[in-house]
Each structure stands twice: as structure tokens, then as C-alpha cells.
Amino acid sequence: MAKWLNAKIVKRTDWNDHLFSLSFECADFPDFKAGQFTKVGIEQNGQIISRPYSLVNPPLANHLEIIAVPVQEGLLSTQLHQLNHGDNIKVMAPATGFLTLDEVPASNNLWLLATGTGVGPFISILADPLVWQKYQHITLVYGVRYEHDLAYLPLINNCMKDKGNQFNFVPVVSRENSPGGLRGRIPELLASGVIQAQVKQSLNAQDSQVMLCGNPDMIQSSVNVLTAMGLRKHLRRSPGNISMERYW
Ligand SMILES: Cc1cc2nc3c(=O)[nH]c(=O)nc-3n(C[C@H](O)[C@H](O)[C@H](O)COP(=O)(O)OP(=O)(O)OC[C@H]3O[C@@H](n4cnc5c(N)ncnc54)[C@H](O)[C@@H]3O)c2cc1C
Ligand SMILES: NC(=O)c1ccc[n+]([C@@H]2O[C@H](COP(=O)([O-])OP(=O)(O)OC[C@H]3O[C@@H](n4cnc5c(N)ncnc54)[C@H](OP(=O)(O)O)[C@@H]3O)[C@@H](O)[C@H]2O)c1
């Protein structure tokens with residue numbers, strides 16, 4: 001049965017003036033799978049205002065972690081942005097969600113496509129040893145407005161060092177030129193083959209699985225592009241190549 005647990009913030013990371021991560025300790029939070037989300041809330045006047053957030057930490061970490069952004073006129077995200085070390089929050093147990101490796105068939109290539117805070121579940125998945133056993137090659141494509149919106153670069157860079165030829169990272173920046181990144185939006189850069197050419201990996205129905213997370217318009221446009229390339233949505237009862245989680 002789902003229940004609220006008390007949690008305390010132990011660390012806050014500001015990636016820039018709007019994008020931030022919160023780490024919190026939450027005694028007795030049950031085991032979860034990399035890629036799952038839970039509800040995080042703030043208690044106010046006897047009520048809990050809550051929203052779903054993906055867990056960024058790997059399952060065996062000491063603390064839970066989320067990444068968020070204060071969305072304009074957003075009720076909860078603007079309040080989370082004010083929180084600091086020592087503040088109390090509520091966390092729903094257990095975590096839930098199907099953007100997890102046990103739901104995605106094995107294949108040669110795993111493509112992880114994220115925009116904005118949608119990178120969170122993929123950071124958790126990249127820290128899970130299972131992903132490196134199940135897929136021969138993994139590519140993280142991470143779309144943001146500006147270069148300073150790219151979070152978790154130290155972790156991603158470590159992955160590149162540790163996993164060598166098994167991992168590629170493609171930052172995609174839409175609103176400025178960025179050295180080392182592609183300029184534009186993910187669906188267009190997939191349709192033109194620019195991303196596939198950069199990492200020299202195939203993206204097709206025969207040997208690829210694709211996981212998408214973040215902005216629902218990016219997800220829809222990318223699914224359209226992937227469908228035109230012969231890939232189709234993965235369902236338990238009808239295996240395919242595309243698994244996704246929309247944030248709104
Ligand atoms: C399964 C799931 C997992 C999620 N995980 C995360 C997460 O890890 N990190 C995170 O920041 N958000 C995540 N979200 C979105 C999150 O639950 C909230 O909707 C968001 O923080 C805004 O909450 P709010 O109360 O401030 O505004 P709301 O009133 O809930 O949202 C207002 C509007 O803000 C926009 N919006 C919502 N979320 C985002 C976002 N992340 N980036 C840009 N625009 C957005 C949408 O247009 C939405 O209609 C997730 C949503 C779902 C369904
Ligand atoms: N990023 C900032 O500088 C900033 C600053 C303050 C507050 N915020 C708030 O933070 C919230 C989230 O911003 P965010 O930048 O994390 O998320 P976002 O708006 O979802 O943008 C992330 C990336 O997704 C791309 N994208 C948007 N729609 C797409 C589509 N249909 N197809 C393909 N790609 C698409 C964006 O490209 P485009 O650039 O082309 O849209 C951008 O590269 C917003 O509510 C914003 O008000 C952001």
C-alpha cells in the first residue's frame with residue numbers, strides 16, 4: 001500500500017539559477033528499480049501538495065535524489081526551488097513506473113533520449129550495472145535550451161571514461177551554439193541521421209531499443225520520426241522498440 005514517508009533534505013545542487021537537484025534521506029524507503037518515479041510533496045495547512053518526480057539516484061544509494069526546475073506559475077516546483085539543507089518533505093513509498101530495464105527488451109543498441117529534467121531516470125539507469133550487461137552499446141541524447149542546462153555532466157563524463165566504446169553522449173542544444181554539442185532539436189536531428197552518424201551507431205527496428213523521457217512534444221515528434229523509420233511502441237503484449245515517459 002502506498003504511504004507517505006518523512007524525508008529531510010541533505011544536499012541541494014544548483015546547476016544554474018533555475019535547474020536544481022535535491023538529495024534527501026528517507027528512512028525505510030523500499031527498494032525500487034532504476035528509472036522509476038515517486039511522489040514528492042510539501043505539507044501545508046494539513047494538506048500535502050505533491051507531484052511525481054523521477055529518482056535520479058541508483059537503487060542502492062544512501063539518499064534519494066530528484067532534479068527539477070521551477071516552471072512558470074507551477075504550484076509545487078517553485079516551492080521545491082526554495083528548499084534547503086535540513087528542510088522536511090514528504091515522499092510517497094513505494095516508487096512506481098515502467099521506464100525500467102526489465103520492461104525493455106534486450107538489443108544491441110539502447111538509445112536514451114531526454115529533454116530537460118527528463119534526463120533524471122537515465123542517470124539512474126546508467127548507474128545500474130544491468131544496463132551494461134544487457135546492451136552492447138548505449139547512447140544518451142540530451143536536449144536542452146542552453147548549454148548551462150546540461151546537468152550531471154561529471155557523472156556522464158565518468159561514464160564515458162569508464163565505459164569507453166560502449167557509451168556515447170550527444171548533447172543537443174537548441175538556443176545557442178555549443179562546442180561539442182549539436183545545435184537543434186532531437187526529432188529533427190534523428191530524422192536527418194545527424195545523431196546516428198555522429199556516434200556511428202544504427203537506429204533501426206532490428207537491433208535498437210529507444211527510451212524517451214521529458215517534454216511530451218519532443219516525445220511525440222520523436223515517436224513520429226522513429227515510426228517512420230520502422231520502429232514501433234513497445235507493449236508487454238506486443239513487443240516493439242519504443243518505451244517512454246511523458247512529464248506533462
Ligand atoms: C511520471 C512523471 C515523472 C516526473 N518527473 C519529473 C522530474 O523528475 N523532474 C521534474 O522537474 N518534473 C517531473 N515531472 C513533472 C512534475 O511532476 C511537475 O509537473 C513539475 O515539477 C511542475 O509542477 P508544478 O506543481 O510546479 O506545476 P504543474 O501545475 O504541475 O505544471 C505546470 C506546467 O508546467 C509544465 N511542466 C511540468 N513539468 C515540467 C518539467 N519538468 N519541465 C518543463 N516544464 C514542465 C507543464 O506545461 C505543466 O502543465 C514528472 C511528471 C510525471 C508525470
Ligand atoms: N531553460 C531555461 O533557461 C529556463 C529558465 C528559467 C525557467 N525555465 C523554466 O523551466 C521550464 C522547463 O524548461 P526546460 O528548458 O527544462 O524544458 P523544455 O522547455 O522542455 O526544453 C528542453 C528542450 O526540449 C526542446 N523541445 C521543446 N519542445 C520540443 C518539441 N516539440 N520537439 C523537440 N524538442 C522540443 C527545447 O527546444 P526549444 O528551445 O526549441 O524549445 C529544449 O531544447 C519552463 O517552464 C521554463 O519556463 C527555463
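**View 1. The end of helix H7 and the residue Gly230.** Helix H7 (216-228) is followed by Gly230, whose phi is positive, near 100 degrees; helices here are DSSP runs of H or I with at least four residues, strands are runs of E with at least two, and both are numbered from the N terminus. The model is a predicted one, in which local features need pLDDT of at least 70 and side-chain atom pairs count only at pLDDT 80 or more, while totals for chains, interfaces and linings use all residues. Residues are numbered from 1 along each chain as its sequence is written, and chains are lettered from A and ligands numbered from 1 in the order in which they are written.

**View 2. The buried side of helix H7.** With 13 residues, H7 reaches 18 Å from its first C-alpha to its last, close to the 18 Å expected at 1.5 Å a residue, the expected span being 1.5 Å times one less than the number of residues. Met218, Ile219, Ser222 and Leu226 are buried in H7; they cover an arc of only 95 degrees around the axis, which puts them on the same side of H7, where the arc is that of the directions from the helix axis to the C-beta atoms. Asn224 and Ala228 are exposed on the face turned away from that buried side. A residue counts as buried if 20 or more other C-beta atoms lie within 10 Å of its own, as exposed if 12 or fewer do, and as partly exposed in between, with C-beta atoms placed from the backbone.

View 3. Of the 21 residues around ligand 2, Thr115, Gly116, Ser174, Asn215 and Asp217 come nearest, a residue being near if its C-beta atom, placed from the backbone, lies within 6 Å. H7 gives the most to this shell, with 3 residues, and the shell draws at least three residues from each of domain 1 (3-93) and domain 2 (101-246), whose bounds come from an automatic or database domain assignment.

View 4. Arg51, Gly74, Leu76, Ser77 and Thr117 come nearest among the 21 residues around ligand 1, and the elements that give two or more residues to its shell are strand S4 (47-54), S5 and helix H1 (77-80). S4 gives the most, with 4 residues. Domain 1 and domain 2 both give residues to the shell around ligand 1, so ligand 1 lies between them.
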